[in-house]
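Student: May we go through the strand pairing and the aromatic contacts of this structure together?

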Amino acid sequence: MKVVVADDQLIFAEAAAALLARNGHDVLGCVAGAEQVIAAVADISPDAVLVGLDADGHRCAEISELARSGLGVPLVAMSESADAGLLARVLDLGADAVFLKTEGIEELERLLLELRTSSAGGAVGAKRWSRGASAAARRSAGVSGVPSVTAREREVLSRLSRGESTSRIAASLGVGTATIRTHVQNLFYKFGTHSRLELLAQARRAGLLSVVADPERQAVGRLPTEEVANLMRSAAPQPTREGQAGESRPPGQGRVSA
Amino acid sequence: MPVSSSAGCTPDSIRVGVATAEPIVAEGLALLLDADPFLSCESATGDLVSALGLLENGKVEALVLDETLLDMASLGALTDGLLRGSSARVVVLTSEQSPVHGVLASALGARGRRVDKSTGASAVIEALYELFGSSPGDAKRSSS
């Protein structure tokens, strides 16, 4: 792949460039600042641009500027910080993927490959999280109870909860089914779940979905019996130390209907 | 993290270790240092204890160390390690936000250099050259 690396920490940019070049990628340059990146991208049409963020999230403005520039090149934000809120904000600003600098070159290359594959499959706009970034988001969810989700992911969640199919959601939002599958996969990562039903249950517990009984029944009706059983187990009141039924759900949150 | 060995180093090459929590910097910087004929990157690690061990057991003569691995307590271990190793040198990679800048300079003394991360690998190589004299080969011959 043809890539441009932009990072104020030139040591990181050069190290990344050296490894990517060693592994067969075409590194078109190491630059700093949005203007240089935009100029470089316009001249050489890379397959991806890697932009470094420091611990305070500086360079978010450049991410936004690059996304608005209409260059149409996938942007990967490489973050020093594992703050899930910052990572979600960067994606909202227009980055296509987030990666933590504490991860290795293999994970960065995997992310680049995913971006290329999803782009070739027409999944424009799908957001990608590196494994470390998604793990950070899950940890954040464990602390705050509410994972950071993008506006589009929230829309997908809402439609899933109303029992809409992947193809129907895709048609409603004007994107391909591959894009919706990617959104759902990203939500799985963030919530640490493996099925749509689990995901909806977790999202409802986190307060990201209002409790609406009937649409949920529609969704449940199309899912395998085993998933329904798992949901029933996960949603059932758990005995507390004192032997009484109790739930970790915040006050005011309803139970998942099934 | 992978350990690289220099293919093109000279017999007078300085044996260097890299210690940072960022695997891409560790592996990539090792690759870049190895490309210099007077440097041989022997080890890359993300752990400060392992890094100090490299100095103590003489496996490396110089350590390129990311400041993010350091806190006030480990600075003491670093200076002790430097005192024990007769020819050990340290290049510390720093950024503006570092909380340990003030004590770092005095802790390192003449055996250390600070290199800002906003500079490139060439600044690290230059700092290593400075620590070992005008040329690495001269420095090694003069210290033996």
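Tutor: In this predicted model, Ala62(B) has Arg89(B) of strand 4 of chain B as its bridge partner. Local features need pLDDT of at least 70, side-chain atom pairs count only at pLDDT 80 or more, and totals for chains, interfaces and linings use all residues. Residues are numbered from 1 along each chain as its sequence is written, and side-chain values use heavy atoms, without hydrogens and water.

Student: Over how many bridges do strand 3 and strand 4 of chain B pair?

Tutor: Strands are DSSP runs of E with at least two residues, helices runs of H or I with at least four, numbered from the N terminus. Two strands pair if DSSP finds at least two bridges between them. Strand 3 (residues 62-66) and strand 4 (residues 89-94) of chain B run parallel, and their bridges number 5.

Student: Which ring does the charged end of Arg89(B) sit over?

Tutor: The criterion is CZ of Arg or NZ of Lys within 6 Å of the ring centre and within 35 degrees of the ring normal. The charged end of Arg89(B) is 5.6 Å from the centre of its ring, which belongs to Phe132(B).

Student: How is the pair of Phe38(B) and Tyr129(B) classed?

Tutor: Rings of Phe, Tyr and Trp (its six-membered ring) pair with centres within 6.5 Å; planes under 30 degrees apart are stacked, over 60 edge-to-face, the rest tilted. The structure holds 1 aromatic pair over all chains. The ring centres of Phe38(B) and Tyr129(B) are 6.2 Å apart and the planes stand at 80°, so the pair is edge-to-face.

Methods: Chains are lettered from A and ligands numbered from 1 in the order in which they are written.
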